[in-house]
Amino acid sequence: MRNYLLKFYQGIVTILIGMRVTLRHVFIPAVTIQYPTVRPEMPERERNRLYVNMDDCIGCDQCARACPVSCIEIETVKSVPGDEIGTTSNGKKKALWVTKFDIDIAKCCYCQLCVFPCPTECIYMTDVYEFSEYERENLVYDFKTLTEPEIEDKKKKLEEFTIQKEAEKAEAAKKKAEEAAAKKAQEDSKKENGDDKTGEKPEKTKE
């Protein structure tokens with residue numbers, strides 16, 4: 001009987017505590033934000049959708065390597081002499097064409113680890129939180145500024161430049177080998193003629 005009364009008492013107390021919270025909110029005016037006409041203000045250090053300023057990107061791949069979930073994919077092509085890539089906002093000269101810069105925001109865990117290693121501070125997290133999509137593929141954001149024909153052109157130029165440099169390297173190696181062979185042949189000829197270091201033939205000894 002005692003146990004029954006104790007449980008009954010605890011049940012009544014629990015109900016009263018819950019009703020106290022409910023009744024307290026009954027007399028407090030409700031404040032409703034008229035979304036989407038009115039949007040809540042985000043905190044200053046809010047971490048939401050990533051953004052990349054490609055004008056400052058140098059294709060160093062630091063952000064992709066720092067990402068713990070591998071949601072960033074970067075591909076680059078080396079520039080060749082004569083290419084005008086430009087410089088970053090802090091004056092750093094670019095040396096790579098960024099042919100791919102994709103961020104799969106569906107994988108992103110909003111850790112901000114990709115932001116800190118960037119030497120030009122071109123990647124950062126924004127306060128944009130409205131990016132829902134019906135298709136998952138639409139959550140892969142493409143930040144590159146080059147068109148497909150331009151990418152193919154950069155790759156072709158690099159391939160031609162590489163072939164040219166290899167040909168020049170092979171020609172230089174061939175020329176060096178020919179010079180070494182000619183020098184060796186000259187030295188062998190001197191030895192066969194009996195020339196000494198001064199270029200004079202030694203006198204023959206009489207018997």
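Predicted model: local features only at pLDDT ≥ 70, side-chain atom pairs only at ≥ 80, totals over all residues.

Colleague: Okay, what's the strand order in the open sheet?
Modeller: The order is β2-β3-β5, so 3 strands with antiparallel pairing (strands are DSSP runs of E, at least two residues, and helices are runs of H or I, at least four, both numbered from the N terminus; two strands pair if DSSP finds at least two bridges between them). In general, strands of a sheet pair through backbone hydrogen bonds.

Colleague: Which strands are at the edges?
Modeller: β2 (72-78) and β5 (140-142), and each of them pairs on one side only. From one strand to the next, the twist averages 15° (axes are lines fitted to C-alpha atoms, for helices over the stretch in contact, with angles from 0 to 180 degrees between N-to-C directions).

Colleague: How many bridges join β2 and β3?
Modeller: There are 7, in the antiparallel sense, with β3 covering residues 96-104. For instance, I74 has F101 in β3 as its bridge partner.

Colleague: And which helix lies across β2 and β3?
Modeller: That's α3 (residues 148-192), which runs at about 50° to β2.

Colleague: New topic: how many aromatic pairs are there?
Modeller: The structure holds 3 (rings of Phe, Tyr and Trp, the last by its six-membered ring, pair if their centres lie within 6.5 Å; planes under 30 degrees apart are stacked, over 60 edge-to-face, the rest tilted). One of them is Y51 with Y124, a tilted pair at 5.7 Å centre to centre and 55° between the planes.

Colleague: Why does that pair tie together parts that are apart in sequence?
Modeller: Because Y51 lies in strand β1 (residues 50-52) and Y124 in strand β4 (residues 123-125), 73 residues apart in sequence. Y51 is partly exposed at 37% relative accessibility (buried is under 20% relative accessible area, exposed over 50%, partly exposed in between, using a 1.4 Å probe and protein chains only).

Colleague: What about Y51 and F143?
Modeller: Those two are edge-to-face, 6.1 Å centre to centre with 85° between the planes. F143 sits in the loop between β5 and α3, 92 residues from Y51. F143 counts as buried, at 12%. Ring pairs link Y51, F101, Y124 and F143 into a cluster.

Colleague: Which residue lies over the face of W97?
Modeller: K154, at 4.0 Å from the ring centre (a charge sits over a ring if NZ of Lys or CZ of Arg is within 6 Å of the centre and within 35 degrees of the ring normal). W97 lies in strand β3, and W97 is buried at 12%. The side chain of W97 also makes a polar contact with the side chain of D83 at 3.3 Å (N or O atoms within 3.5 Å; within protein, one must be able to donate a hydrogen and the other to accept it, and residues adjacent in sequence count only if both atoms are side-chain atoms).

Colleague: Last one: is T126 buried or exposed?
Modeller: T126 is buried, at 17% relative accessibility. T126 lies in the loop between β4 and β5, and its side chain reaches the backbone nitrogen of V128 at 3.3 Å.

Note on methods:
Residues numbered from 1 in each chain as written. Heavy atoms only, no water. Contact = heavy atoms within 4.5 Å.
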